[in-house]
Amino acid sequence: MSTYHIKSLEEYFQVYRKSVRHPEEFWAEIAEENFVWRKKWGRVLSYDFSKPEFKWFEGAKLNITENCIDRHLFSRGDKTAIIFEPNDPKEEAQHITYRDLSARVNSLANVLKAKGIVKGDRVCIYLPMIPDLAIACLACARIGAIHSVVFAGFSSTALATRIKDSSCKMVITSDGAYRGAKTLDLKSIVDAALESCPSVQSVLLVKRTYNEIAMKAGRDYLLSDLLEAVSSECPAEEMDAEDPLFILYTSGSTGMPKGMVHSTAGYMVYTAYTFKNAFQYREEDLYWCTADVGWITGHSYIVYGPLANGATTLMFEGVPSYPDFGRFWEIIEKHQVNQFYTAPTAIRALAKENLDFVNKYDLSSLKVLGSVGEPINEEAWHWYNSNVGKRKRPIIDSWWQTETGGIMICPIPYVTPTLPTYATLPMPGIQPALIDEEGREMRANQVEGRLCIKFPWPSMARTIWGNHQRYKETYFSAYDGMYFTGDGALRDEVGYYRITGRVDDVIIVSGHNLGTAPIEDAINEHPAVAESAIVGFPHDIKGNALYGYVCLKETGETRNQDNLRKEINQIITEHIGPIAKLDKIQFTEALPKTRSGKIMRRILRKIACKETENLGDISTLLNPECVEEIIKGAL
Ligand code: WT7
């Protein structure tokens with residue numbers, strides 16, 4: 001029985017059983033046989049849910065880049081590590097071999113060192129989907145710096161918040177970014193952000209769009225200049241298993257974004273293992289994940305997981321609609337993609353277009369179709385299955401989170417029979433539990449509960465940067481001895497899990513995780529706004545869209561409501577980014593509140609979803625009379 005690569009359902013059950021009965025032995029075997037270590041661990045796992053504290057492979061020494069690059073040089077030096085497919089299909093694709101990757105990572109690592117970056121320093125990476133993005137992550141890891149990638153669609157305010165929270169010493173960015181027909185000016189966004197970020201000492205610039213940019217003397221450097229002066233060899237820093245590898249911010253239901261901190265060894269072992277199995281990746285396969293490296297999906301399944309397996313990973317700079325809606329399928333044919341991993345929102349958008357866009361291309365190279373980011377609805381699943389997979393290729397609906405580091409619940413293709421809307425079975429080592437309102441573990445089937453994980457796994461986030469208390473409160477305080485995911489789920493008779501959606505104030509819009517509080521905070525900054533509440537409502541393409549209820553300071557406000565709506569979305573764009581814009585904005589005199597003053601979002605959600613027949617008991621509200629008015633004014 002191979003523990004690392006599962007090839008049959010029988011084997012899956014055997015491996016799963018072992019992973020639950022003897023988790024330490026199970027993970028030690030995988031870690032031992034599939035990675036290179038400078039020094040082996042003393043203990044496989046020690047943990048305490050009450051602190052909470054989790055340590056995997058404690059005492060081990062390693063560098064993740066030796067696992068993702070160096071060890072492949074002998075056998076796979078000429079193999080392509082990264083294929084870069086540019087935004088413009090007329091621009092030639094790049095093939096970066098493992099040998100090239102090694103030289104580029106080491107050179108950049110030397111530049112970082114020359115600019116004073118040392119082990120433990122935080123480096124913010126704000127780059128478009130070009131190879132430099134992956135290379136920058138790996139260069140940080142090479143010298144033990146902690147990278148904090150910020151998605152290049154975030155606004156300067158959002159970028160500044162993240163840079164300040166982890167006091168980054170450096171920013172790596174580019175002059176601009178191509179996204180479909182648009183060119184974005186990233187440098188000026190960085191300049192605006194840095195006005196309030198005193199911790200940043202240097203900015204490294206990659207040239208991509210060659211637009212005119214302002215350079216601040218003594219702070220900004222063209223990367224190409226600095227690279228000329230350094231060697232392409234850089235010894236890897238020896239890291240402890242538990243040293244942080246990166247910080248990645250994710251929205252919470254309240255307050256500041258949370259800087260999730262991921263470890264080195266546990267993260268490496270788990271992402272590599274799940275990559276191999278969830279995609280049934282085999283040597284010579286060509287793998288493509290359409291996510292951006294700005295999200296966890298890109299960290300784990302564009303960069304670290306694939307490279308740790310010596311895979312070829314494709315990075316696509318553009319968007320699915322440019323130059324037309326056939327772009328994804330064209331790329332699959334062109335590069336003979338074997339595993340394709342995308343998001344339901346992309347599938348729904350493409351399913352709306354003419355089928356000729358798909359049928360024009362030969363998709364027969366595909367072996368596995370992946371989905372991630374939100375529940376994939378039945379209609380989208382069937383479209384994906386019939387038109388992309390031609391009913392022959394398994395769809396893996398993979399459930400996981402920024403916090404979990406890697407895929408948690410997901411069919412293993414050609415092993416686990418798939419079922420639309422079910423993420424199916426837990427990966428080995430993952431012990432899910434469904435918890436009822438009273439905090440008890442539920443045994444019954446087909447009843448919705450709160451999804452928790454009751455045993456540690458190697459790639460779990462270890463803390464929230466600078467706020468361990470919040471980590472404890474958010475994830476480990478709802479139920480003792482368990483990690484609480486924030487999602488609801490149910491289980492069917494055979495043990496398959498179906499994720500039903502968030503049970504907190506986080507809304508998944510086009511696969512992006514948006515907390516309601518930061519959006520409300522942004523809206524409330526508008527001088528005319530007294531208070532606001534955001535809820536989600538179903539949307540054909542985005543899955544959910546945002547509905548805002550806004551109370552103005554002066555009732556009977558005479559200003560043009562459409563202008564106000566524009567201004568509100570403008571403020572949101574400035575504070576967070578265009579992804580958080582509201583689809584509907586309803587002005588109302590009051591928001592329904594409990595007697596303790598808490599906004600009753602449950603009621604607002606029902607109104608936004610047009611489910612007003614059954615609002616439940618509203619008599620206990622502080623101001624039940626406002627509900628009628630809100631229903632009348634609903635959009
Ligand atoms: C939330 C995490 C995991 C990488 C991308 C999102 C939702 C994610 C699924 C799925 C149903 C899903 C959950 C989760 N989600 N994948 N296959 N089925 N829901 O990472 O931004 O941290 O968001 O996305 O609600 O909690 P994230």
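# Working through a predicted model

The buried residues of helix H17 (residues 516-524) are Thr516, Ala517, Ile519, Glu520, Ala522 and Ile523. Here, buried stands for under 20% relative accessible area, exposed for over 50%, and partly exposed for what lies in between, using a 1.4 Å probe and the protein chains only. Helices (H or I, at least four residues) and strands (E, at least two) are DSSP runs, numbered from the N terminus.

Before you start: this is a predicted model, where local features need pLDDT of at least 70 and side-chain atom pairs count only at pLDDT 80 or more, while totals for chains, interfaces and linings use all residues. Residues are numbered from 1 along each chain as its sequence is written, and side-chain values use heavy atoms, with hydrogens and water left out.

## Exercise 1: around H17

Work out which elements the buried residues of H17 pack against, then look at His512 in strand S27.

**Solution.** 
- Step 1. Start with the strands: the buried residues of H17 pack against S26 (506-509), S27, S28 (529-539) and S29 (543-552).
- Step 2. Now go to S27, which covers residues 512-515 and holds His512. With a relative accessibility of 15%, His512 counts as buried.
- Step 3. List what His512 touches, skipping residues up to four places away in sequence: Trp295, Ile507 and Ile579. Contact means heavy atoms within 4.5 Å.

## Exercise 2: the cores

How many residues does the largest nonpolar core have, and which of them have the most contacts inside it?

**Solution.** 
- Step 1. The largest one has 124 residues. Trp27, Trp37, Phe57, Leu101, Leu112, Phe279 and Tyr304 have the most contacts inside it.
- Step 2. Helix H6 (residues 131-143) supplies the largest share of this core, ten residues.
- Step 3. Another core lies apart from it, with 39 residues, including Ala158, Ile523, Ile534 and Ile576.
- Step 4. Zoom in on Leu101: leaving out neighbours within four places in sequence, Leu101 is in contact with Ile69, Ala81, Ile82, Ile96, Ile135, Leu138 and Leu307.

As background, nonpolar side chains in soluble globular proteins tend to be buried together.

## Exercise 3: the ligand

Find how many residues surround the ligand and which are the closest.

**Solution.** 
- Step 1. The count is 17, and the closest are Asp397, Ser398, Thr402, Asp487 and Arg502.
- Step 2. Check the ligand's nitrogen atoms. One is 2.7 Å from a polar side-chain atom of Asp397, and a nitrogen atom of the ligand is also 2.7 Å from a polar backbone atom of Ser398.
- Step 3. Turn to oxygen: an oxygen atom of the ligand lies 2.7 Å from an N or O atom in the side chain of Arg502.
- Step 4. How much is covered? The ligand on its own exposes 550 Å², and the protein buries 95% of that; areas come from the Shrake-Rupley method with a 1.4 Å probe.
- Step 5. Helix H11 (296-308), strand S20 (395-398) and strand S25 (497-502) are the elements giving two or more residues to the shell.

## Exercise 4: spots in the loops

Is Lys40 buried, partly exposed or exposed, and what does Lys40 contact?

**Solution.** 
- Step 1. Lys40 sits in the loop between helix H2 (23-34) and strand S1 (43-48).
- Step 2. Its relative accessible area is 39%, so Lys40 is partly exposed.
- Step 3. Setting aside neighbours within four places in sequence, Lys40 contacts Glu32, Gly59 and Ala60.

Next, locate the cis peptide bond between Lys51 and Pro52, and the positive phi of Thr424.

**Solution.** 
- Step 1. Omega between Lys51 and Pro52 is about -20°, and Pro52 is in the loop between S1 and strand S2 (53-58).
- Step 2. Thr424 is not a glycine, yet has a positive phi of about 65°. Thr424 belongs to the loop between S20 and strand S21 (432-435), and is buried because its relative accessibility is 0%.

How values were computed:
Core = buried A, V, L, I, M, F, W, Y, C linked by side-chain atoms within 4.5 Å. Near = heavy atom within 4 Å. Polar contact = N/O pair within 3.5 Å; in protein donor to acceptor, adjacent residues only side chain to side chain.
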